[in-house]
Amino acid sequence: MARIGGAIPTVFSYFAEVLAREKRGEHLSWLCMFWMIGGIYASAMAWAIIPHYGWSFSMGSAYQFHSWRVFVIVCALPCVSSVVALTFMPESPRFLLEMGKHDEAWMILKLIHDTNMRARGQPEKVFTVNKIKTPKQIDELIEIESDTGTWYRRCFVRIRTELYGIWLTFMRCFNYPVRENTIKLTIVWFTLSFGYYGLSVWFPDVIKHLQSDEYALLTRNVQKDKYANFSINFTMENQIHTGMEYDNGRFLGVKFKSVTFKDSVFKSCTFDDVTSVNTYFKNCTFIDTLFENTDFEPYKFIDSEFQNCSFLHNKTGCQITFDDDYSAYWIYFVNFLGTLAVLPGNIVSALLMDRIGRLTMLGGSMVLSGISCFFLWFGTSESMMIGMLCLYNGLTISAWNSLDVVTVELYPTDRRATGFGFLNALCKAAAVLGNLIFGSLVSITKAIPILLASTVLVCGGLVGLRLPDTRTQVLM
């Protein structure tokens, strides 16, 4: 995750350097859309691969290569391809100037100019440069130490100088004339991330909570009955057995799904080739009972007593499949729908970014997202909550795209990546805080998450409207 967080500011800063002013907002928005495409790819692969638990093989009894490992490999493929693509891309002109490679920087600037002019239909325009402002190069102390110091002294000085340079660049983000913009951007980034990621983790948990409530209404209760000399080889699901007595019973190849046994007695019974999901034995007594090839871990026996019982060839590793736990499969599908819902918002924001302006889109999208939160009051079913999730994601994506564009354009080149990186790190901190707060309120009340998300989004949107308009601004 640290590598991903470090790549995002660099990508936006690099791309902004090569864009023409007239189409800068639109093309940066198209770049933002690839984040959504990656999200769709990841969620689609999760939905398509992980539930197929049969895509697996074992290496001995301790290691099992299950479908989720296949998912990790598939998700790594775009990263590998991006590394290959980077080898064909030109270096940043500013970096070359800092390294003293003026001729290479001039050639890349000429390439950018000629490419943009051809796109405008003016290939005859000649690239001319009257003056290049050379950035400050490496600290002279390093050059002095290179001549007189030992190798480890030179390494120490270089590291110290680089760290000091990074600190100075970071502090310049809070100096005039960008200090006020940094404070406003901090508020907008924090509120948008807090509200978006907080509700993003709240939505699936609420849907799962609704599923659990509906599932609980269908629970079959069996009480104070006796069974003797029986054999069961089918699936038992969503049942509670209380005060039962089982004598000389055989549970062969049974799948227990959400079954609870309370205050029950098992005498001379056999559990053979049994798997279980959300199954527990509470205050039960087992007498002369054999457990063979089962997945019953000790935590599934709560306050239970064993008398002359045997456990043979217990199953190791995870035995849960998505056929046994459909709610987990459903979560991947919901995540896929929520990610897909941002596609229209991405397209609209890209087409309108340079027409209606970044600030109008940023503030309007955040305010509308905050207002849409109130529709969650009416979310009493799974389908309604999924619809609200899609609406919310579709509205907030325009705010994310415009915020990325504004952030890139408000900082000068020498501190653009640093400022963007700081705000992106703040975004992740706000996301963690939002996940903790909203996640803890899932089973308590709807009111607090709705009011909290709505308030922070609207306030952040109003602050965003106070940022300077960068639509016609030349990058510094």
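**Note on the predicted model: cysteines, nonpolar cores and a helix pair**

1. The count of disulfides in this model is zero; the model is a predicted one. The criterion applied is a pair of cysteine sulfur atoms within 2.5 Å. As to the setting of individual cysteines, Cys-173 is buried, its relative accessible area being 1%. Cys-459, by contrast, has a relative accessible area of 42% and is therefore partly exposed.

2. The largest nonpolar core comprises 59 residues. Within this core the most contacts are made by Leu-185, Trp-189, Leu-199, Trp-202, Phe-203, Leu-376 and Met-385. Helix α12 (residues 382–410) supplies the largest share of the core, namely 13 residues.

3. When its neighbours within four places in sequence are left aside, Phe-203 is in contact with Leu-376, Met-385, Met-388, Leu-389 and Tyr-392. Another core, of 21 residues, lies apart from the largest one. Its members include Tyr-246, Phe-261, Phe-281 and Phe-286.

4. Two packed helices are described by the angle between their axes and the distance between the axes. For helix α11 (residues 358–372) and helix α14 (residues 447–464), the axes come within 7 Å and cross at roughly 165°. Because angles over 145 degrees count as roughly antiparallel, α11 is roughly antiparallel to α14. The crossing of α11 past α14 is left-handed.

5. On the α11 side, the contact between these helices is made by Leu-359, Leu-362, Gly-363, Met-366, Val-367, Ser-369 and Gly-370. The residues contributed by α14 are Ser-454, Leu-457, Val-458, Gly-460, Gly-461 and Gly-464.

Key
Residues numbered from 1 in each chain as written. Predicted model: local features only at pLDDT ≥ 70, side-chain atom pairs only at ≥ 80, totals over all residues. Heavy atoms only, no water. Buried < 20%, exposed > 50% of the residue type's maximum accessible area, 1.4 Å probe, protein only. Core = buried A, V, L, I, M, F, W, Y, C linked by side-chain atoms within 4.5 Å. Helix = DSSP H or I, 4+ residues; strand = E, 2+ residues; numbered from the N terminus. Contact = heavy atoms within 4.5 Å. Axes fitted to C-alpha atoms, helices over the stretch in contact; angles between N-to-C directions. Parallel < 35°, antiparallel > 145°, perpendicular 65-115°, else oblique. Left-handed = near helix turned anticlockwise from the far one by under 90°.
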